[in-house]
Amino acid sequence: MQSSETVLCQCTALQVSYGRRRIIDSCSFKVGQGQVVGLTGENGSGKSTLVKCLLGFVRPKGGHVYCDPRAGYCPQENYLHRAYTVAEHLELVASLHRGGLRVDPSFLARCLTLLKLDRYLRYPIRRLSGGTYQKVKFLTAIVHRPPLLVLDEPTDGFDWSMYLVFWDLVRELVAAGTGVLLISHLVHDRQRFDRIYELRDGVVHG
Amino acid sequence: MVDRASSTGWLVFRLSTLELWRNPLGMVLLVVIPSVFIAMILWTAGTGSLPLKLYFGEEVVEVLLTQRQTALVFVCAAVSGFLAAYYALVLFHSDLGYFRYCSFMGLSPLVFTLARFAAFLLVTSLLAAITATGLGYVTPLEQPLLVFAGFLLITVIYGAYGGIVGVLSRSFMPALLMIVLLADLDAAWLQNPVYYSAAQESTVIQWLPAFYPCQIVFAGAFTSRGNDAALAGAATWAVAAIAILVLAVQVRLRGPLAAGPAGRFDQ
């Protein structure tokens, strides 16, 4: 683990509401460079809302949020464009230079091979299986090698070998300084986290 | 920076065109709907003459036309408006969440809107050309190019309207019904030259978005005169509608919390 002095993502006394319903109540935590931080909690506890708020998709009701604007994000939702092929989607993503980050073609090619996506490049996204769809989402999040990765249940639908490939890639990025915030329900993920926060009744317990 | 935006813009344009091409229902509708309407008019419309009023700014010109001629031209304008709004709805509503994500990844909402609208214009130009050419086969047109311009303007205005509704609406069906409501009310009913010529409150009809483009189409189809007043009115509608579309996309893609350079969202 590298030094945690460089904070990539931090929230302090964060509050989030949907209408009158308070989802997050006074939540504070941070993710530093080279750290793998886990976020757990029951279904519906507000984990996904919390990361959406960190990334600017949801407006907080109160508190302070800081997040590196170059974060890579793998959301829980199936958001990929159904009419595009995998290659077209990746071409579009690679053309976007978020915060000056560029895609390294050799890294992309290696990821395609490791994730066994190279054979699916011409497939329309609507025809992908659940696990393959999830791999495309994960690749989209990491392809720019962002300094911060926010992953919301990224291994759903992966078989065991792909699960291990996933962690190999995450470890490689972390070794290069990337901070990772990962939402997971899997017990065997816990041993891989440097720190775990649990969201319970709208409050983060660390 | 400009190079990057233009290459991303070109890519979004190319993918958007492909999306429309891969929408088989849309491609079928492009040909089938105008054909069905034209066939029904040829089958049912009478050949008796009707006196109609056409708008030329300060001047009102009266022309004598057959029901068949009038119905053919009017219905083609109405169909173009509806189809354009439908295509724009598909382009700006479907998979908006994807482009919201792309915007998060660095896609400029302005580049997205312009590229998407350019792809839309390509299709609607095709639609206007097919409609004007088809119309020319079944009824004589005095100025086919002006008729084409009128069709194009109605597709731009209604396309922008379809895009605005598509971007702002959360679900597809209410958005489609909004489009059907305005297209039926305006382009397919109140702009009927027979209805307009005998209307008690024609000023109200003149305030609707399809009025100027329809008058351009009628002037091009039935007279040898240009219609600068209608062209200016239609251009104003088109610019205003596109500006609102750009704004609507900006709001929906950026969301309430556009990350600043520091990525800080303090409350």
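Biologist: How are helices and strands defined in this predicted model?

Modeller: The model is predicted. Its elements are DSSP runs counted from the N terminus. A helix is a run of H or I with at least four residues, and a strand is a run of E with at least two.

Biologist: In what order do the elements of chain A run from the N terminus on?

Modeller: Chain A holds five helices and nine strands. From the N terminus on, their order is β-β-β-α-β-β-α-α-α-β-α-β-β-β.

Biologist: What is the radius of gyration of chain A, and what does the globule rule give for 206 residues?

Modeller: The C-alpha atoms of chain A fill a box of roughly 45 × 40 × 35 Å along the principal axes. The globule rule gives 17 Å for 206 residues, and chain A is close to this, so it is as compact as a globular protein of that length. The radius of gyration of chain A is 17 Å.

Biologist: Which orientation do α2(B) and α3(B) have to each other?

Modeller: Helix α2 (residues 24–44) of chain B packs against helix α3 (residues 67–93) of chain B at an angle of about 160°, with the axes 9 Å apart. Angles over 145 degrees count as roughly antiparallel. The two helices, α2(B) and α3(B), are therefore roughly antiparallel.

Biologist: How many residues of the contact of α2(B) with α3(B) are nonpolar, polar and charged?

Modeller: On α2(B) the contact includes L29(B), I33(B) and F37(B), and on α3(B) it includes R68(B), L72(B) and V79(B). The residues of this contact divide into 15 nonpolar, one polar and one charged.

Note on methods. Residues numbered from 1 in each chain as written. Chains lettered and ligands numbered in written order. Predicted model: local features only at pLDDT ≥ 70, side-chain atom pairs only at ≥ 80, totals over all residues. Axes fitted to C-alpha atoms, helices over the stretch in contact; angles between N-to-C directions. Parallel < 35°, antiparallel > 145°, perpendicular 65-115°, else oblique. Contact = placed C-beta atoms within 7 Å. Nonpolar A, V, L, I, M, F, W, Y, C, P; charged D, E, K, R; others polar. Rg over C-alpha atoms; globule rule 2.2 N^0.38 Å.
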